[in-house]
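Work through the two exercises below with the model open. Each task is followed by its solution.

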Amino acid sequence: MNTNRINATLAQENVDAILAAVAKIQELLPFLIDLTPDERRTMAKFGEKNRSFVVKAEALASQHPEILPRGFSLDEMKSDVRLVEQLYPVQMALNDLLGRVEDSYYAAGSEAYCAALQVYNYAKAAHVATGALEGALGDLGRRFARRSHASEKADAENVAA
């Protein structure tokens, strides 16, 4: 069933403005880091339940600093908790925006792909009837060409080399 869930255009000046806004956001967050999968895997897990725990532990440590060993940096903990609390609404807003961008991208892509499949089928039918479009069909048909296991393995080896 063809459902048109999205029908929009995006002017190039808007794309440019959006990319400039993203660059500005990155400029305002110069401390952002990229974790490798291994780094992420070895770190303590952090989520919504742990966020509440962290805030309560920081409050406890602030009220009773005498329970902490000398080497424990309460100032560093406070700094990290403050950053978590400051980033939280930013992350929520960006997650919401990214989710809607991804959904829109997916819907537009799905609709475009369905239309492309229809064009391909119409072209195959026209080719059967007229004998024309062989070159275009060959080019489009490569999308559906099955690859042998040997050629996939060779491609993987070429990428690794």
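**Exercise 1.** Find which element gives the most to the lining of the largest pocket, and sort the lining residues by class.

*Solution.*
- Step 1. α4 gives the most, with 17 residues. Helices here are DSSP runs (H or I, at least four residues), numbered from the N terminus.
- Step 2. The lining of the largest pocket has 45 residues; Leu32, Arg40, Leu87, Gln91 and Asn95 lie nearest the pocket's centre. The elements giving two or more residues are α1 (12-28), α3 (48-63) and α4 (74-130).
- Step 3. A pocket is an open set of points on a 1 Å grid where a 1.4 Å probe fits, with protein on both sides within 12 Å along at least five of seven lines; lining residues have an atom within 4 Å of a point.
- Step 4. The lining divides into 31 nonpolar, eight polar and six charged residues. Asp, Glu, Lys and Arg count as charged; Ala, Val, Leu, Ile, Met, Phe, Trp, Tyr, Cys and Pro as nonpolar; the others, Gly among them, as polar.

The model is predicted: local features need pLDDT of at least 70, side-chain atom pairs pLDDT 80 or more, while totals for chains, interfaces and linings use all residues. Residues are numbered from 1 along each chain, and side-chain values use heavy atoms, without hydrogens and water.

**Exercise 2.** Describe how α3 and α4 cross.

*Solution.*
- Step 1. Their axes, lines fitted to C-alpha atoms over the stretch in contact, come within 10 Å and cross at roughly 140 degrees.
- Step 2. α3 is therefore oblique to α4. Oblique covers what is left after under 35 degrees (roughly parallel), over 145 (roughly antiparallel) and 65 to 115 (roughly perpendicular).

Technical notes: Axes fitted to C-alpha atoms, helices over the stretch in contact; angles between N-to-C directions.
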